[in-house]
Amino acid sequence: AKALGLDLEDIEVPKREEHENHIGPPGLNVAYDIALKKLEENRCPNKGASNIVERAQYLLRFEWAVHRHALRRAAALHEALLGVSPRQSDYDVECHVEALRCDLRLSVARDDYERAVKGAAKLERICGNRGLWALQAKLLCDRSKWLLDGCPQEPVPAMNPALRALALCEQWALDALHAEA
């Protein structure tokens, strides 16, 4: 938040009563509310110039819906996110891949680990071919977690993507992702 120039100290935190209709930890609900309000405040006046804020809002709302396990709402927000992250725009392939990654996260929320792992493998290859190293490392980490969550009795298959993510992070100095891997 500080990198974006957002000062969270002067934000008035809503009282608990305002969030009683939400499911999940109240601190999480407040964090999502604050993030969405700050995005709206920092929106570019020329909405046609960029849809970065709109994508970020859809992504935050998607995350919120997944955390609350509101899967129908999350699916609708995923469709909206795909709508503002078209595949045809070569200059913004990362946004489209991130939107497709949300579909995989939705599969995990529905306990369809097999679909999520297969989709992550396909997206990971696409990212590798396009030179999107950070997204490739994220997808490898996701795949490793999903393999482990899908079959905790057999942790060995989850090692390969995790080790590949580590190697990729070390090769391209992706320090934050290296810690996750």
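**Exercise 1.** Which residues in α2 meet which residues in α3?

*Solution.* The model is predicted: local features need pLDDT of at least 70, side-chain atom pairs count only at pLDDT 80 or more, and totals for chains, interfaces and linings use all residues. Residues are numbered from 1 along each chain as its sequence is written, and side-chain values use heavy atoms, with hydrogens and water left out.

Step 1. Apply the contact cut-off: heavy atoms within 4.5 Å.
Step 2. From α2, take R55, Y58, L59, R61, F62, A65, V66 and R68; from α3, R73, A74, L77, H78, A80 and L81.
Step 3. Sort these contact residues: nine are nonpolar, one is polar and four are charged. Nonpolar covers Ala, Val, Leu, Ile, Met, Phe, Trp, Tyr, Cys and Pro; charged covers Asp, Glu, Lys and Arg; the others, Gly among them, are polar.

**Exercise 2.** Describe how α2 and α3 cross.

*Solution.* Step 1. Helices are DSSP runs (H or I, at least four residues), numbered from the N terminus.
Step 1. The axes of α2 (residues 52-68) and α3 (residues 71-83) come within 8 Å and cross at roughly 160 degrees. Axes are fitted to C-alpha atoms over the stretch in contact, and angles run from 0 to 180 degrees between N-to-C directions.
Step 2. α2 is therefore roughly antiparallel to α3 (over 145 degrees).

**Exercise 3.** Is α4 largely enclosed or exposed?

*Solution.* Step 1. Buried means under 20% relative accessible area, with a 1.4 Å probe and protein chains only.
Step 1. In α4, 14 of the 17 residues are buried, so this helix is largely enclosed by the rest of the structure.
Step 2. After α4 comes D111, with a positive phi near 65 degrees.

How values were computed:
Helix = DSSP H or I, 4+ residues; strand = E, 2+ residues; numbered from the N terminus. Parallel < 35°, antiparallel > 145°, perpendicular 65-115°, else oblique. Buried < 20%, exposed > 50% of the residue type's maximum accessible area, 1.4 Å probe, protein only.
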